[in-house]
Amino acid sequence: MKGEVWVYAESVDGVLHEVSLEILSKGREIADKIGASLSAVLIGKDFIDLAKELVNFGADRVHLLEPRDSNFYPDTEVVEVLAELVKKHDPDIFLLGATSIGTELAPKLAAKLRTGLSAHCIDLGIDEKGHLLQIVPAFGGGVLATIVCPDQRPQMATISPGVMRVGKRESRNGKIQRREIRWKGASGIKVLDTLREEPVEMPLEKAEVVIAGGWGLGSKEDWQMLKDLAALLRGAVGATRPPVDEGWVKESQMIGQSGKTVRPKLYIGFGISGMMHHMVGIQDSDFIIAVNSDPEAEIFKMCDFGVVGDLKEILPYLIKQIRVRLEK
Amino acid sequence: MTLHPTLKVLVREGIPNVINPLDRNALEEALRIKERHGGEVIILSMAPLFSLSILREALAMGGDRAVLLSDKAFAGSDTLATSYILSEGVKKIGPFDLILCGNQTIDGWTGHVGPQLSEFLGIEGISLVRMIEEFYLEQDAMGRSKNGSIIVRRKIDLGYARIEARFPVLLSVVKDINTPRYATFAGILGAEKKEIQILSASDLKVDPSQVGLIGSPTKMADLFMPEVKRRREVVQEKPEVASKMILGKIHQRGLI
């Protein structure tokens, strides 16, 4: 066996983060393709059960690091410790979940190691030279780009939660290596406490019907119609980036490369042009309906059913017709 | 007592001639700190020379002076090379207490430059900052700042963490932190008199092998359109007819 693929595993409240299992599964696939071994890095006290879980989901080896204290933060000292571990083992590939912590740890670690990092990859592959192909939307989202890091190692990439699928869990054997770290505790940073804020709306990722709006909606008021429609169909409301930037909807409702990935039975997009940043987050939907006033909108090339028309005229009719049907 | 922290705001290169939206939030936060605690707000950007108008706009909002890192050799820099160049710019400017950056640009959306800049500078960096709760700074007999620290709220997956950090520190801020001001007419006039320093690769003495395309470990290997297998049935009908057709599709899927 030559080379190593590494995955950074995260935990929340003593449970493995879903994205860690997702990228571990993708890591397994890649490792098998290039004939490498798969290692996971996990930081946490008494996490031996979690480490075993990582093995069951495909890791050949788990580096289990004793944390400095209970409030983990990816500060300079953590980055230094991880960089030392990477240098010692020299992995070819290092994947991290694009979580709120992963999106800070990954660039810090890449800078420390002076290596390349791509963000929010929507797919990964391997070319004939064995290089990691990192797929991201490019140039405003009209096309996809393949990013490579030919000369530096490890080749690093972050992947958003929900993009990859979790593979099969089987009872497997793997090496769990506990690593005692001599923490200096000299960092200028301290987590005082963490506060939880419970989301109120239905989680987008779990909804069978997703109603999404884009720039074409024009105002916060128009969103009420989308909410009404979603409520009637027991679905959730999502959005592209511009409405989030405008403050019409919450960031947690954003669908796409740097937001959520959804796989509903039905997706209906209103006033959405069809930029890749958004489309990559809905491509696995069973059925895609698009409403846009621009007949040239890109989304019409990527939908199952498209309606060229003014959403402000169509939505009231649609809501009324559904109400009538539901009352029957 | 007047305090004199040196604040630096990073205005990263983004879409030409528009300040990246989150960089406005970073600048706004710097200006608010200055208004309450004193100090100097320096705008730092790596961009082509045509981006001078962006720096003028940032100065019109209230920045004290600006430094533009610009050189043909910087073209094609990925986030690592960009962060390296910016770190050399920061070192050239001198001691500082706080660096504020927008958490990410609206074009690349990587969120890499803030954390990577802090790493190159060997200081702590905090991403996803949505509020500065407390700000503390003393001044020594020479008028230099000392013992600075800050408490911020940082977004995490299910809420936020309160984090205390000693200066110097770098914060990457998100939109929730504030509502950026608009430049006033007086501000726009005043900005004309403010200094914009332009520094080239040789001024910064950057390692030529670490900047631009050549110094960027990531390369674009290919551009392509994804293959889409969809029915692509597109209609143009009167609104009430179109809505009925949509209803029919929803019904067919068994969702109503």
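Student: In which strand of chain A is Ala9(A) found?

Tutor: This is a predicted model, and in it Ala9(A) belongs to strand S1 of chain A, which covers residues 4-9.

Student: Why is Ala9(A) called buried?

Tutor: A residue counts as buried if 20 or more other C-beta atoms lie within 10 Å of its own. Ala9(A) has 29 other C-beta atoms within 10 Å, and therefore it is buried.

Student: Which residues is Ala9(A) in contact with, leaving aside its neighbours within four places in sequence?

Tutor: They are Leu16(A), Ser20(A), Leu24(A), Ala40(A), Val41(A), Leu42(A) and Leu54(A). Of these, Leu54(A) is 45 residues from Ala9(A) in sequence, while the C-alpha atoms of the two are 8.3 Å apart in space.

Student: What makes H5(A) and H8(A) roughly parallel?

Tutor: Helix H5 of chain A, residues 223-232, packs against H8(A) at an angle of about 25°, with the axes 10 Å apart. Angles under 35 degrees count as roughly parallel, and the two helices are therefore described as roughly parallel to each other. The crossing in which H5(A) passes H8(A) is left-handed.

Student: Which residues of H5(A) and H8(A) meet?

Tutor: From H5(A) come Met225(A), Asp228(A), Leu229(A) and Leu232(A), and these meet Leu315(A), Leu318(A), Ile319(A), Ile322(A), Arg323(A) and Leu326(A) in H8(A). By class, this contact of H5(A) with H8(A) has eight nonpolar, no polar and two charged residues.

Student: Which residues make up the contact of H8(A) with H7(B)?

Tutor: On the side of H8(A) they are Glu313(A), Ile314(A), Tyr317(A), Leu318(A), Gln321(A) and Ile322(A), and on the side of H7(B) they are Pro239(B), Glu240(B), Ala242(B), Ser243(B), Lys244(B), Ile246(B) and Leu247(B). Divided by class, the contact of H8(A) with H7(B) has eight nonpolar, two polar and three charged residues.

Student: How many residues of chain B are in contact with chain A?

Tutor: There are 61 residues of chain B in contact with 70 residues of chain A. H7(B) gives the largest share of the side of chain B that touches chain A, namely nine residues. That side of chain B has 31 nonpolar, 12 polar and 18 charged residues.

Student: How do you know that strand S10 of chain A and S10(B) pair?

Tutor: Two strands pair if DSSP finds at least two bridges between them. Strand S10 of chain A, residues 143-148, and S10(B) have five bridges, in the antiparallel sense, and the two are therefore counted as paired. Ile147(A) stands opposite Met220(B) in S10(B).

Student: What does chain B contain in helices and strands?

Tutor: Chain B has seven helices and 11 strands, and its C-alpha trace spans about 80 × 40 × 40 Å along its principal axes. Of the 256 residues in chain B, 49% are buried. Among contacts in chain B with a separation of 6 or more, 71% come from residues 24 or more positions apart.

Technical notes
Residues numbered from 1 in each chain as written. Chains lettered and ligands numbered in written order. Predicted model: local features only at pLDDT ≥ 70, side-chain atom pairs only at ≥ 80, totals over all residues. Helix = DSSP H or I, 4+ residues; strand = E, 2+ residues; numbered from the N terminus. Buried ≥ 20, exposed ≤ 12 C-beta atoms within 10 Å, placed from the backbone. Contact = placed C-beta atoms within 7 Å. Nonpolar A, V, L, I, M, F, W, Y, C, P; charged D, E, K, R; others polar. Axes fitted to C-alpha atoms, helices over the stretch in contact; angles between N-to-C directions. Parallel < 35°, antiparallel > 145°, perpendicular 65-115°, else oblique. Left-handed = near helix turned anticlockwise from the far one by under 90°.
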